[in-house]
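Please look over the sequence and the model first; the main points follow, grouped by topic.

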Amino acid sequence: MLKVELKEPMSNSIQIAALAGDGIGPEVMREAIKVLRVAEKKFSLSLQITEAPVGWAGIDAAGAALPDATLALCKKSDAILFGSVGLPDRDPTIPKEQRPERAALLRLRKEFGLFANLRPVRLSKHLAHACPLQPERQGEGIDILVVRELTGGMYFGQPKLTEEIGDGRRRAIDTMVYTTPEIERIAHVGFRAARSRRKKLTSIDKANVLENGILWREVVTRVGKEYPDVELEHMFVDNGAMQLMLRPTQFDVMLCENMFGDILSDEAAALAGSLGMLPSASLGATSGELTFGVYEPAGGTAPDIAGKNLANPLAQILSAAMMLEFSFGQAKAANAIHEAVQRVIADGLRTGDIYTPLDTKAKKVGTREMGDAVAAAVAS
Ligand code: IPM
Ligand code: MG
């Protein structure tokens, strides 16, 4: 488990905003809510789940990727369970500032100060076939937590613009910027997570080229002195990308700035068989505790398979489990969901993304069947 802080269990009614979004979002959200309802009953919780449109669904319903009513719902909720947003085919129809990725997802992250993104990558031994690496490189199993800074760096740094520079030429500028407090707080999250795991933290940077990299390395080293029990190592991002392919078992916690974390977490997810297996928690501090959060699968909208009962709902279901644990302190219910997912995988159930005919025990199922199986396993 990847405990960062443990909250006292919330017992009274819990308010959850469920924003399914676009593409496969609604299908996988439906399965996550199904599983949450079963956990609610089994663990005597009281979950008030309110659904609201976001992304293109928000634009179609209320003219904005993050409609005011949806934002208001988020503000009065205890946590947000998020699906995914963005349909690249429709992008040319609206200005870039209004597109769902920026106007909904990045805005929510900024609005709620969700600076700490936790992405656990674990390769189940039953999915060894779905991992692109040969068995000898999988070692005893891959279990990595990517801790990604989420509200700084190039995603938000100013200036950020595209301008005319004459003779029909244009210039695009993105700015990578980090302050020492921003690096310190995410470093603390990383070290605390490492402390509850295998006590190793690999800090990723590009200190051989970037000013940001030099500062990142300096600050992480200083914060690391407060965690003498955690082994700290620094790695350049290009080498980190390579090491993930060569020897992923060397990693416990990988601490990354925003953009590097975006890239390496997708790469790491491939090792776990599929992006459809990667949940995430984006947490912000409320009264010093990291408890408010957006919980979302890292995989995106996958428009090509949307509405076909083909999507893997496990990342969304595991994101719901992370929500129960981090925002509500319901570790037992969260564990029950984790174990249920392990059980259906051990039983051989596979959506297309994790299916391979090489695995003779595997049975191909749809989104709904996978959700039903996890729900049944939680209930039993
Ligand atoms: C992610 C996604 C987002 C990001 C996109 C959709 C803006 O790739 O959560 O990893 O880049 O942060
Ligand atoms: Mg990404």
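A salt bridge is counted here when a side-chain nitrogen of Lys or Arg lies within 4 Å of a carboxyl oxygen of Asp or Glu. By this rule, the count for the structure, which is a predicted model, comes to 22 salt bridges. The protein chain is divided into domain 1 (11–115 + 273–380) and domain 2 (132–271), and a ligand, ligand 1, has Glu 101 and Arg 148 among its surrounding residues.

**Domain arrangement**

- Domain 1 is made up of two stretches, 11–115 and 273–380, while domain 2 covers 132–271.
- Taken over C-alpha atoms, the centres of domain 1 and domain 2 are separated by 24 Å.

**The interface between the domains**

- Contact between the two domains involves 14 residues of domain 1 and 15 residues of domain 2.
- Together, domain 1 and domain 2 bury about 1,300 Å² between them, and 65% of this area is on carbon and sulfur atoms.
- Of the area that domain 1 buries against domain 2, 46% is supplied by Arg 109, Lys 110 and Phe 115, more than by any other three residues.
- On the side of domain 1 that touches domain 2, helix 4 (residues 100–111) provides the largest share, with 3 residues.
- The residues on that side of domain 1 comprise 7 nonpolar, 4 polar and 3 charged.

**The surroundings of ligand 1**

- Ligand 1 is surrounded by Glu 101, Leu 105, Arg 109, Arg 119, Arg 148, Tyr 155 and Asp 262.
- A polar side-chain atom of Tyr 155 is placed 2.5 Å from an oxygen atom of ligand 1.
- For Arg 148, a polar side-chain atom lies 2.9 Å from an oxygen atom of the ligand.
- In the side chain of Asp 262, an N or O atom is 2.9 Å from an oxygen atom of ligand 1.

**A salt bridge within a helix**

- Glu 40 and Arg 37 join their side chains in a salt bridge, with an N to O distance of 2.9 Å.
- Both residues, Glu 40 and Arg 37, belong to helix 1 (residues 25–42), where they are 3 residues apart, about one turn of the helix.

Key
Residues numbered from 1 in each chain as written. Chains lettered and ligands numbered in written order. Predicted model: local features only at pLDDT ≥ 70, side-chain atom pairs only at ≥ 80, totals over all residues. Heavy atoms only, no water. Domains from an automatic or database assignment. Contact = heavy atoms within 4.5 Å. Buried area = accessible area lost by both parts, 1.4 Å probe. Helix = DSSP H or I, 4+ residues; strand = E, 2+ residues; numbered from the N terminus. Nonpolar A, V, L, I, M, F, W, Y, C, P; charged D, E, K, R; others polar. Near = heavy atom within 4 Å. Polar contact = N/O pair within 3.5 Å; in protein donor to acceptor, adjacent residues only side chain to side chain.
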